[in-house]
Amino acid sequence: MTRRIPGWLWGGLGLGLSMLALPAMAEVSALVQLTPARVMPLAEHLRAYGTVEFAPEGGRTLSLEAESLVSQVLVANGQRVHQGEVLLRVAPSINDQLQLQQAQIGVRFALTDQQRLESLRARQLATNAEVQTAQQTLARAQATLHDLQARLKTLQAGAVRAPINGVVETVSVHQGDLVPAGQPLLRLSTGNTLRIVLGVEPEDLPRVKVGDAVQLRPVYGAQPPLSGRIRQIYWQVDPKTRLTQVVVPMAATPSLLPGAMVRAEITLGRHKTLAIPDSAVLQQGGRAYCFVDVHGKARQRWIETGWREADWIAVSKGLQAGEPVVSLGNYELQDGMALRVAGRS
């Protein structure tokens with residue numbers, strides 16, 4: 001007896017046979033460009049930050065030889081001044097005035113005593129030795145008075161004037177201050193020369209040399225970089241910043257103002273190193289990686305990178321010379337994805 005096969009079963013068998021006849025789904029691939037990792041000379045750079053200052057050799061510190069009372073401060077930091085312009089109003093201290101009066105009295109007494117002894121000697125009532133001693137006393141009193149008058153000359157004029165055209169770098173006194181003799185009042189700079197003081201980590205300092213080239217940019221703004229060279233290296237740690245310092249002299253320019261913050265790239269020299277295009281490097285979780293072509297498949301490779309120059313970046317770990325890395329088309333790649341190489345049939 002013949003059994004009939006239900007229609008729904010025939011439909012299922014037909015669907016299965018048709019699925020077996022379909023071609024396999026095409027493999028997902030990405031169009032990329034490959035660049036082999038290569039050993040090449042790269043300039044090693046060290047990044048540092050610092051501040052712009054007036055160059056110390058282009059300035060002058062003003063002080064007075066006598067104790068003084070500051071009655072008025074007429075300038076402020078950063079102000080441009082002209083030669084002869086009044087910067088401070090000053091007056092002799094009470095102590096200096098007393099010393100001057102005592103010196104004047106001392107000269108009058110010494111002169112009177114000398115004249116008295118010379119009159120007595122003329123009458124043979126005083127010796128030559130006594131007259132000579134009086135003359136020496138008068139000379140010492142006159143020298144003391146002359147010294148005080150010279151030291152108080154500026155104070156008697158009542159003003160401290162700018163000896164040069166320049167910029168006020170620092171004002172060290174305030175109105176009402178009693179300033180000891182020789183203590184700085186203020187400092188002027190010609191404003192023609194600057195210096196950039198850069199902070200460098202102590203462990204990096206042995207790699208830095210006098211004469212190393214430096215590219216400088218203000219931290220704020222988009223000014224073009226300025227070029228300079230290291231002139232001085234300070235082999236000690238700043239107790240405030242815990243950094244060592246290097247100095248780059250620089251001519252005054254409108255893009256660099258004293259007190260401004262700058263960032264710098266110090267060129268430490270050129271060294272042969274393994275490098276790949278900068279575009280080949282991707283980041284994930286603070287780590288660098290790239291994709292390598294392994295038999296037509298993209299393989300993710302964690303790497304350690306170093307300094308950059310132009311469009312290349314040094315690789316210290318994770319790659320071998322000659323390995324083809326994906327330099328373009330890598331942003332959509334996943335590990336194991338098939339690669340279609342541009343220009344390759």
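Which strands make up the open sheet, and in what order do they come? The open sheet has 4 strands in the order S3-S10-S8-S5, with antiparallel pairing, where strands are DSSP runs of E of at least two residues, numbered from the N terminus, and two strands pair if DSSP finds at least two bridges between them. Strand S3 (59–62) and strand S5 (80–81) are at the edges with a single partner strand each, so one side of each has no neighbour in the sheet. S3 is joined to strand S10 (residues 186–189) by 4 bridges, the two running antiparallel, and Leu62 stands opposite Leu186 in S10.

Before I go on, please keep in mind that this is a predicted model, in which local features need pLDDT of at least 70 and side-chain atom pairs count only at pLDDT 80 or more, while totals for chains, interfaces and linings use all residues. Residues are numbered from 1 along each chain as its sequence is written, and side-chain values use heavy atoms, with hydrogens and water left out.

Let me turn to strand S15 (residues 244–251), where Thr244 is found. S15 pairs in the antiparallel sense with strand S11 (residues 193–200) over 8 bridges, with Ile196 opposite Val248, and also with strand S14 (residues 232–234), again antiparallel, over 3 bridges, with Tyr234 opposite Gln245.

Thr244 itself counts as buried because its relative accessibility is 4%, buried meaning under 20% relative accessible area with a 1.4 Å probe, protein chains only. Leaving aside neighbours within four places in sequence, the residues in contact with Thr244 (heavy atoms within 4.5 Å) include Leu198, Val200, Pro202 and Tyr234. For Val200, the backbone oxygen lies 2.7 Å from a polar atom of the Thr244 side chain.

Note on methods:
Buried means under 20% relative accessible area, exposed over 50%, partly exposed in between (1.4 Å probe, protein chains only). A polar contact is a pair of N or O atoms within 3.5 Å; within protein, one must be able to donate a hydrogen and the other to accept it, and residues adjacent in sequence count only if both atoms are side-chain atoms.
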